[in-house]
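Thanks for coming. I will talk through one protein chain, going from the overall layout to a few side-chain pairs.

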Amino acid sequence: MPSIALSPDNKMFAAISANSMVAYFYLWNFTSFTQTTQNAFVSGEMFHMLSYSKDGKYIAAANLGGGTVKIYNATTLNQLQNLVIGMGDVRCVDFSYDSQYILIAGNDPHIQVWSISNWTMVRSLSTNSTFSF
């Protein structure tokens, strides 16, 4: 699995893997280690990082090379939003502790702050240098 994330209450964990055509998204119970949900979808996207919101309602999946972050319902794995970042590779994604914002960083020298209440970008912060990995 290229990416996993543990829920804030330590009850579930999410895993995502993808090839050039299909992405597989899984939820597992962290106590019984049983798979509870699976969602396969045609994507053509390479997801490489997952992040749970601190309130446990959302999972963000960063798309390597696509300039997008997809937001999923953390219980059903239904896609709720597709945030178009426009910064090439999305490298990092995390939620604020109050689950009101999502922070996204890519290959360009900016960090974007998005509001979860209306899924709009509220800030773009310059780091004055290009990230390199």
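Before anything else, one cut-off: a residue is buried under 20% relative accessible area, exposed over 50%, and partly exposed in between. Lys-54 has a relative accessibility of 25%, so Lys-54 counts as partly exposed. We will come back to that residue. Please keep in mind that this is a predicted model.

Now the layout. The protein chain has 12 strands and zero helices. The chain has 133 residues, and 42% of them are buried. Of the contacts with a separation of 6 or more, 30% are between residues 24 or more positions apart.

Next, the inside. In soluble globular proteins, nonpolar side chains tend to be buried together. Here the largest nonpolar core has 15 residues. Val-69, Ile-71, Leu-83, Ile-102 and Ile-104 have the most contacts inside it. Which elements give two or more residues to this core? They are strand 6 (58–64), strand 7 (68–73), strand 9 (90–95) and strand 10 (101–106). Another core lies apart from this one; it has 14 residues, including Ala-14, Ala-23, Leu-50 and Ile-59.

On to the aromatic rings. A pair of aromatic rings is described by the distance of the centres and the angle of the planes. The whole structure holds five aromatic pairs. One of them joins Phe-13 and Phe-30, with 5.9 Å from centre to centre and 90 degrees between the planes, and this pair is edge-to-face. Phe-13 is in strand 2 (residues 12–18), while Phe-30 is in the loop between strand 3 (22–29) and strand 4 (35–42), so the pair ties together parts 17 residues apart in sequence. Phe-30 also pairs with Phe-33: the centres are 5.6 Å apart and the planes are at 65 degrees. Planes over 60 degrees apart count as edge-to-face, so this pair is edge-to-face as well.

Ring pairs link Phe-13, Trp-28, Phe-30 and Phe-33 into a cluster.

Last, the charged side chains. How many salt bridges are there in the whole structure? There are two. In one, Lys-54 meets Asp-94, and the closest N and O atoms are 2.9 Å apart. Asp-94 sits in strand 9 and Lys-54 in the loop between strand 5 (46–52) and strand 6, so this pair ties together parts 40 residues apart in sequence. Asp-94 is partly exposed, at 37% relative accessibility. Lys-54 also lies over the face of Tyr-97, 5.2 Å from the ring centre.

The side chains of Arg-91 and Asp-89 form a salt bridge too, at 3.3 Å from N to O. Arg-91 has 22% relative accessibility, so Arg-91 is partly exposed.

Notes: Residues are numbered from 1 along each chain as its sequence is written. This is a predicted model: local features need pLDDT of at least 70, side-chain atom pairs count only at pLDDT 80 or more; totals for chains, interfaces and linings use all residues. Side-chain values use heavy atoms; hydrogens and water are left out. Helices (H or I, at least four residues) and strands (E, at least two) are DSSP runs, numbered from the N terminus. Buried means under 20% relative accessible area, exposed over 50%, partly exposed in between (1.4 Å probe, protein chains only). Contact means heavy atoms within 4.5 Å. A nonpolar core is a set of buried Ala, Val, Leu, Ile, Met, Phe, Trp, Tyr and Cys residues joined through side-chain atoms within 4.5 Å. Rings of Phe, Tyr and Trp (its six-membered ring) pair if their centres lie within 6.5 Å; planes under 30 degrees apart count as stacked, over 60 as edge-to-face and the rest as tilted. A charge sits over a ring if NZ of Lys or CZ of Arg is within 6 Å of the ring centre and within 35 degrees of the ring normal. A salt bridge is a side-chain nitrogen of Lys or Arg within 4 Å of a carboxyl oxygen of Asp or Glu.
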